[in-house]
Amino acid sequence: MSLEDQIMQNFLTLVETQPPLFADCQGELEQWCKSLPEDKEEMSDASAAWYRFRPAIRETMYALSQRKETKESDRAPGHTGNAPPPPDPKTYRNILENAIRRIQSPPK
């Protein structure tokens, strides 16, 4: 998986699994998502730039990437899992928009 895909996957994971990290910036997050570029590399760069000045999110992203790197290196030699290809930028945006809507919805 490319670095761009890792960043986007990790960011999506964070939005979906740790909504409290985004509690004070949900409106800003929604506006930012709408302005994401269509290019995967630019989208990844925009994501990193967005959370760069949000220490809690930045540190959690770093910890998440470290855990995933450790998991990947723990695989048995010769293991060739058939993971699906990463989504295209439009799909990333759609997934992210849906995740943002879910964290903005009041719990029932």
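This is a predicted model: local features need pLDDT of at least 70, side-chain atom pairs count only at pLDDT 80 or more; totals for chains, interfaces and linings use all residues.
Biologist: How many helices and strands does the secondary structure of the protein have?
Modeller: Helices (H or I, at least four residues) and strands (E, at least two) are taken as DSSP runs and numbered from the N terminus. The elements run α-α-α-α-α from the N terminus on, and the secondary structure comes to 5 helices and 0 strands.

Biologist: What percentage of the residues of the protein count as buried?
Modeller: A residue is buried under 20% relative accessible area, exposed over 50% and partly exposed in between, with a 1.4 Å probe and protein chains only. Of the 108 residues of the protein, the buried part is 31%.

Biologist: Which residues of α1 are buried, and what length does this helix reach?
Modeller: Among the residues of α1, the buried ones are D5, I7, M8, N10, F11, L12, L14 and V15. The expected span of a helix is 1.5 Å times one less than its number of residues. Helix α1, residues 3-17, has 15 residues, and its span from first C-alpha to last is close to the expected 21 Å, reaching 21 Å.

Biologist: How is α1 oriented to α3, parallel or oblique?
Modeller: Axes are lines fitted to C-alpha atoms, for helices over the stretch in contact, and angles run from 0 to 180 degrees between N-to-C directions. The axes of α1 and α3 come within 9 Å and cross at roughly 50°. Angles under 35 degrees count as roughly parallel, over 145 as roughly antiparallel, 65 to 115 as roughly perpendicular and the rest as oblique, so α1 is to α3 oblique.

Biologist: Which residues of α3 make the contact with α1?
Modeller: Contact means heavy atoms within 4.5 Å. From α1 the contact is made by E4, D5, I7, M8 and F11, and from α3 by K40, E41, M43, S44, S47, W50 and Y51.

Biologist: What C-alpha distance separates E41 from D5?
Modeller: E41 is found in helix α3, and at 46% relative accessibility this residue counts as partly exposed. E41 and D5 are 36 residues apart in sequence, and their C-alpha separation in space is 8.6 Å.

Biologist: What C-alpha distance separates Q6 from S44?
Modeller: Q6 has its place in helix α1 and counts as partly exposed, at 31% relative accessibility. Q6 and S44 lie 38 residues apart along the chain, and their C-alpha atoms are separated by 8.8 Å.

Biologist: Is the packing of α2 on α3 roughly parallel or roughly antiparallel?
Modeller: Helix α2 (residues 26-34) and helix α3 (residues 40-52) pack at an angle of about 160°, with their axes 11 Å apart. The contact is made by E28, L29 and W32 of α2 together with A46, S47 and W50 of α3. Because of that angle, α2 is to α3 roughly antiparallel.

Biologist: Which residues of α5 meet α2?
Modeller: The axes of α2 and α5 come within 10 Å and cross at roughly 165°, which means that α2 is roughly antiparallel to α5. On the side of α2 the residues are Q26, G27, L29, E30, W32, C33 and K34, and they meet, in α5, R93, L96, E97, I100, I103 and Q104.

Biologist: Which residues does I95 touch, leaving out those up to four places away in sequence?
Modeller: I95 is found in helix α5, residues 89-104, and counts as partly exposed at 30% relative accessibility. The C-alpha atoms of I95 and L12 are 7.7 Å apart, although these residues lie 83 residues apart along the chain. With residues up to four places away not counted, I95 touches L12, E16 and P87.

Biologist: How many disulfides does the count come to?
Modeller: C25 is buried, with a relative accessible area of 6%, and C33 is buried too, with a value of 1%. A disulfide is a pair of cysteine sulfur atoms within 2.5 Å, and by this rule the count of disulfides comes to 0.

Note on methods: Residues are numbered from 1 along each chain as its sequence is written. Side-chain values use heavy atoms; hydrogens and water are left out.
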